[in-house]
Amino acid sequence: MHYVEIKRWQDWRKPGSADKDPLFGYTLAKHDVGYPSVTLFVPGPMEEMKLKEIKNGRLAMLGFIGMLMAAQVNGKGPLACLSEHLADPLGTTIFSKAVVIPGQAIVPKCAIPPSVDFSGVTIPTPCFLDALWP
């Protein structure tokens with residue numbers, strides 16, 4: 001993945017510089033900067049695939065925010081939260097952790113420590129509940 005992203009970055013920096021494969025000598029056809037037009041791996045029209053890639057990225061960002069918020073409320077990782085929810089689906093939901101009434105919200109306490117020590121480095125772990133909670 002890193003190799004592909006570096007090639008895209010090189011193409012943005014200097015258009016056309018990353019069009020030739022250094023290992024196999026394959027040359028790409030004309031394409032938009034940053035989007036190689038290799039039709040071998042594209043399962044549909046390129047414009048449609050670009051839009052799907054953007055939508056998938058946005059959905060992944062929302063999923064990451066959900067895991068971050070769950071960790072701050074529960075103090076557990078995503079797999080531990082999932083197993084807890086599967087064991088008691090109605091008792092462990094977002095509504096069982098906080099109360100949201102129109103015009104007011106009761107925000108749960110942050111369950112993660114304010115900082116974490118890793119290899120001698122103290123990393124602050126601020127809680128975003130007050131800023132992100134509705």
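## Helix 2

Helix 2 spans residues 46–74 and contains 29 residues. In this predicted model, its first and last C-alpha atoms are 42 Å apart, close to the 42 Å expected at 1.5 Å a residue; the expected span is 1.5 Å times one less than the number of residues. Helices are DSSP runs of H or I with at least four residues, strands are runs of E with at least two, and both are numbered from the N terminus.

Lys50, Met69, Gln72 and Val73 are buried in helix 2, where buried means under 20% relative accessible area, exposed over 50%, and partly exposed in between (1.4 Å probe, protein chains only). An α-helix has 3.6 residues a turn, so residues three or four places apart point the same way. Just after helix 2, Gly75 adopts a positive phi of about 75°.

## Basis of the model

The model is predicted: local features require pLDDT of at least 70 and side-chain atom pairs count only at pLDDT 80 or more, while totals for chains, interfaces and linings use all residues. Residues are numbered from 1 along each chain as its sequence is written, and side-chain values use heavy atoms, with hydrogens and water left out.

## Overall architecture

The chain holds five helices and four strands, arranged along the sequence as α-α-α-α-β-β-β-β-α. Of its 134 residues, 13% count as buried. The accessible surface of the chain is about 10,500 Å², with 68% belonging to carbon and sulfur atoms; areas come from the Shrake-Rupley method with a 1.4 Å probe, and for residues only the protein chains shown count as cover.

Contact means heavy atoms within 4.5 Å. Among contacts between residues at least 6 apart in sequence, 32% join residues at least 24 apart.

## Thr92 between helices 3 and 4

Thr92 lies in the loop between helix 3 (78–87) and helix 4 (94–97). Thr92 is buried, with a relative accessible area of 16%. Apart from neighbours within four places in sequence, Thr92 is in contact with Glu84 and His85. A polar atom of the Thr92 side chain lies 3.5 Å from the backbone oxygen of Glu84.

## Nonpolar surface patch

Val116, Phe118, Val121 and Ile123 form a nonpolar patch on the surface, together exposing about 350 Å² of accessible area. Patch residues have over 30% relative accessible area and no salt bridge, with nonpolar side chains (Val, Leu, Ile, Met, Phe, Trp, Tyr) joined within 5 Å and like charges within 9 Å. A salt bridge is a side-chain nitrogen of Lys or Arg within 4 Å of a carboxyl oxygen of Asp or Glu.

Strand 3 (115–118) and strand 4 (121–124) are the elements that give two or more residues to the nonpolar patch. Ile123 belongs to strand 4 and is partly exposed, with a relative accessible area of 38%.

How values were computed: A polar contact is a pair of N or O atoms within 3.5 Å; within protein, one must be able to donate a hydrogen and the other to accept it, and residues adjacent in sequence count only if both atoms are side-chain atoms.
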